[in-house]
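Hi there,

Here is the structure I promised to pass on to you.

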Amino acid sequence: MGAADVLLRTAAPADMEKLFCWRNDPGIVALSGSQRPVSWQDHQTWFSKVLQNECHLLFVVMASGDEAGTVRFDRDGAGSSSATVTVYLMEGFRGRGIGTEAIERGCEKAFAAWPVLSGIKALIRQGNEPSIRAFRSAGFAVHAERQYAAGNTYAVRKRGVK
Ligand SMILES: CC(C)(COP(=O)(O)OP(=O)(O)OC[C@H]1O[C@@H](n2cnc3c(N)ncnc32)[C@H](O)[C@@H]1OP(=O)(O)O)[C@@H](O)C(=O)NCCC(=O)NCCS
């Protein structure tokens, strides 16, 4: 997949149901922090907050015109110099370079949107090799030995790295 074929579209209210289905896909639930599906009501509340609050950037990953997944940036508090990235693609879109491209493009957008941002963190489950490799290829330094939650690997990308 060429870089030009991957675009990020800012999520809109019409994406609420799609993001709910994606989030509750069994494969994604298994990778989530809580490892549990979310209720429609909780999702509605969360989704509205993310769209309205300036501490969040939510994108739909478009691959050759298809909706492939999502990438999100959550600032660690208003005015904070760091943010956390979350990314996932639905099955059928993985292993084709789309994730790496989506992370890179998302980071560019986050650094542009938040000028005081100095770094972006990712929490990766230990053993999630495609994710570790995608973040590394997108300019993240992966610190497998440094955990900030049990079983997770820490990765960080500094402003201006790529
Ligand atoms: C993690 C994810 C976003 C990566 O995106 P992707 O498009 O599949 O990854 P890419 O095709 O860009 O490949 C990234 C690297 O992983 C490697 N890779 C891809 N699939 C792999 C697999 N099944 N096993 C091992 N390595 C794999 C690629 O060869 C590439 O390595 P390189 O950069 O050293 O050449 C995607 O796989 C995904 O959504 N997975 C499920 C959800 C998830 O794990 N999210 C991340 C939570 S932290």
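First, two words on the basis. This is a predicted model, in which local features need pLDDT of at least 70 and side-chain atom pairs count only at pLDDT 80 or more, while totals for chains, interfaces and linings use all residues. Residues are numbered from 1 along each chain as its sequence is written.

**The chain as a whole**

The protein chain has 5 helices and 7 strands (DSSP runs numbered from the N terminus: H or I of at least four residues for helices, E of at least two for strands). Along the sequence they follow the pattern β-α-α-α-β-β-β-α-β-α-β-β. The C-alpha trace spans about 35 × 35 × 35 Å along its principal axes. The radius of gyration of the protein chain is 15 Å, which agrees with the value near 15 Å for a compact globule of 162 residues (taken over C-alpha atoms; the globule rule is 2.2 Å times the number of residues to the power 0.38).

Of the 162 residues, 28% count as buried. Here a residue is buried if 20 or more other C-beta atoms lie within 10 Å of its own, exposed if 12 or fewer, and partly exposed in between, with C-beta atoms placed from the backbone. Among contacts between residues at least 6 apart in sequence, 57% join residues at least 24 apart (a contact means C-beta atoms, placed from the backbone, within 7 Å).

**Around the ligand**

There are 21 residues around the ligand, and Arg94, Gly99, Thr100, Arg133 and Ser137 come nearest (a residue is near if its C-beta atom, placed from the backbone, lies within 6 Å). Strand E4 (82-89), helix H4 (98-113), strand E5 (119-125) and helix H5 (129-137) each supply at least two residues of this shell. H5 gives the most, with 6 residues. By class, the shell has 9 nonpolar, 8 polar and 4 charged residues (Ala, Val, Leu, Ile, Met, Phe, Trp, Tyr, Cys and Pro count as nonpolar, Asp, Glu, Lys and Arg as charged, and the others, Gly among them, as polar).

**Strand pairing**

E5 also takes part in a pair (at least two DSSP bridges between two strands): 7 bridges join E5 to strand E7 (residues 152-158), and the two run antiparallel. Gly119 has Lys158 in E7 as its bridge partner. Strand E6 (residues 141-143) is joined to E7 by 3 bridges, again antiparallel, and His143 stands opposite Tyr154 in E7.

H3 has 13 residues and reaches 18 Å from its first C-alpha to its last, close to the 18 Å expected at 1.5 Å a residue (1.5 Å times one less than the number of residues). H3 is hardly covered, with a count of 0 buried residues.

Most residues other than glycine have a negative phi. Which way does Gln35 go, positive or negative? Gln35 has a positive phi of about 60°. It lies in the loop between helix H2 (26-31) and helix H3 (40-52), and is exposed because it has 8 other C-beta atoms within 10 Å. Ser64 also has a positive phi, near 50°. Ser64 lies in the loop between strand E2 (56-63) and strand E3 (66-75) and is partly exposed, with 14 other C-beta atoms within 10 Å.

Best wishes

Methods
Two residues are in contact if their C-beta atoms, placed from the backbone, lie within 7 Å.
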